[in-house]
Every structure is written in C-alpha cells, then in structure tokens.
Amino acid sequence: MLVVWFPLFAAAVAWTPVASGVEHLRVTEGGIDAELVRFDLARFAAEVVVLGADRPRTAAALRGETGASAAVNGGFFDEDWRPLGLRIMSGKVVVALRPRVDWGVLFLRRGRARIVHSRDFRPDPAIEQAIQVGPRLVVDGQPLRLKPQVARRTAVALDREGRSMTLIATHAPADAMRLAELLAHLGFDSAVMFDGGPSSQLSAALGDLHLDLRGDYAVPDVLLMRPRPSPTTGEDASKP
C-alpha cells in the first residue's frame, strides 16, 4: 500500500563522483547512517553470484577474489545456507521463483534494471540476472508502508528508466520505513530490501572510495558490480 509521504530528510545532498559512471553519497540524518554507491549501468554490469551452501563468502572476500568494483550481500537463505527465492545467473535459473510471498524481484535485461512484485514477474530468456528478496521499499517514487522494524539494512534502488543502480548499506540499525522515506526523498523510482541484520554488508573500491561495512558472517549469494569493457577499446569503461 502506498502512503502519503511527508519528507523527514530536509538537508541538501551532494553526490560525489568517484570514478567514471560512479557516485557516492553518505547520509547521516533522520535516524539513518547509510552509504550509497550509484552505478551507471552503461558502464557497469551487475552480477548475481550464487556460491552455494558449501562455500559462502563475505562481500569483501568475493569482491577481492573477483576484482569487482563493489559487492553487497544478496537475499534470504535457510538454516542450511540455501538461497530462498529466484536467482538467475548469466541467463540461467539456478534457484526457482518462490511463489506467494510479498517480495520483489530485481532483474536485469538488455542493460536495464527493474524491480517488480513477485506476482508480476514473468520469465524471459533475455533476463541476464535476477534476485528475489524483499520487501520492496519504494514503488513509483513513493515509499511503501512497512512494519516498524529496526536492523542493519542492505538495499538496491533504481532510477525510473533503470539506467542506474544504487547499492545501499547502513552502518547501524535503521527503521525500514525511514529508509524507504529516505530513498524516495533522494528521488529513486523503485527500491527493494536485501537480506539485513547480521547478513548486511557492503564492500567497494573505486578511485579514492574504499568502503568495508562488514556483516557478522559470510553469505551464500552476493550481488557484484563490474566495469563493462569499452565497446571500442575493450578497456575498463569506468576509466576516464
């Protein structure tokens, strides 16, 4: 259900460029202390990596092993470390869609990203990456009504056209509704929560930006951001 929204975050914000196609913002206001890293999807590709129950990794470890620019923890998993909900890796469905849950699906197709409710997701062979998790935070630019709940948070937010993807992680426990209001205030069109609490973690290394928000343990799936090669030179497209 959408709610009428009254901004609780009045301070002006200024994104800082850290590399070609990447901007960073830290927000410490309204009970939120969060890092946001925004990627231009023309220059960076998002990649869902399902590690499996027998070889979980932290976001920082996997980012370092793969040479990715940034990484956050993924979605929910059971007591045996098996991911719960849809996971698509490089066009292949590795975990099936979980039906009848009030979650969202973040998916990438032809270089654009979208977030839809689980019931509205439709299989498509053109989908390159997908992860099912929730709840959704922002829909059509408006925050959703969420139950009062405080924990550390990881989230992903998109612009209206799905041309940019922003990774979000909080340093400290934050109320889910406040985070939704913040992301709507910042102008995001859609956003979805990833697994939070002790799973919440973000690692990034781009230019002068180095972030390491650690979780309490490794996780069985991670979302990575990698530079796309230049279509003309084949070099890292994030470089000036």
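This is a predicted model: local features need pLDDT of at least 70, side-chain atom pairs count only at pLDDT 80 or more; totals for chains, interfaces and linings use all residues.
**Notebook: pockets and sheets**

I started with the largest pocket and sorted its lining by class: eight nonpolar, two polar and five charged residues. (Ala, Val, Leu, Ile, Met, Phe, Trp, Tyr, Cys and Pro count as nonpolar, Asp, Glu, Lys and Arg as charged, and the others, Gly among them, as polar.)

Numbering runs from 1 along each chain as its sequence is written, and side-chain values use heavy atoms, with hydrogens and water left out.

Next I checked what "pocket" means: on a 1 Å grid over the protein atoms alone, it is an open set of points where a 1.4 Å probe fits, with protein on both sides within 12 Å along at least five of seven lines; lining residues have an atom within 4 Å of a point. Volume is the space filled by probe spheres set on the points, and points are joined across faces, edges and corners.

Which residues lie nearest the centre of the largest pocket? I found Asp 102, Pro 135, Arg 136, Arg 145 and Leu 146, out of 15 lining residues. The volume of this pocket is about 300 Å³.

The second largest pocket comes to about 190 Å³. I counted 17 lining residues there, with Arg 114, Ile 115, Val 116, Asp 189 and Ser 190 nearest the centre. Strand 9 (112-117) and strand 11 each give two or more residues to that lining, and strand 9 has the largest share, five residues. (Strands are DSSP runs of E, at least two residues, and helices are runs of H or I, at least four, numbered from the N terminus.)

Then I traced the open sheet: eight strands, order 1-2-3-15-14-17-11-12, antiparallel pairing. (Two strands pair if DSSP finds at least two bridges between them.) Strand 1 (16-19) and strand 12 (142-143) are at the edges with a single partner strand each, so one side of each has no neighbour in the sheet. Strands 14 (154-158) and 17 (190-193) share four bridges, and Ala 155 has Met 193 as its bridge partner.

Last entry: strand 10 (127-133). Strand 6 (87-89) joins strand 10 through two bridges.
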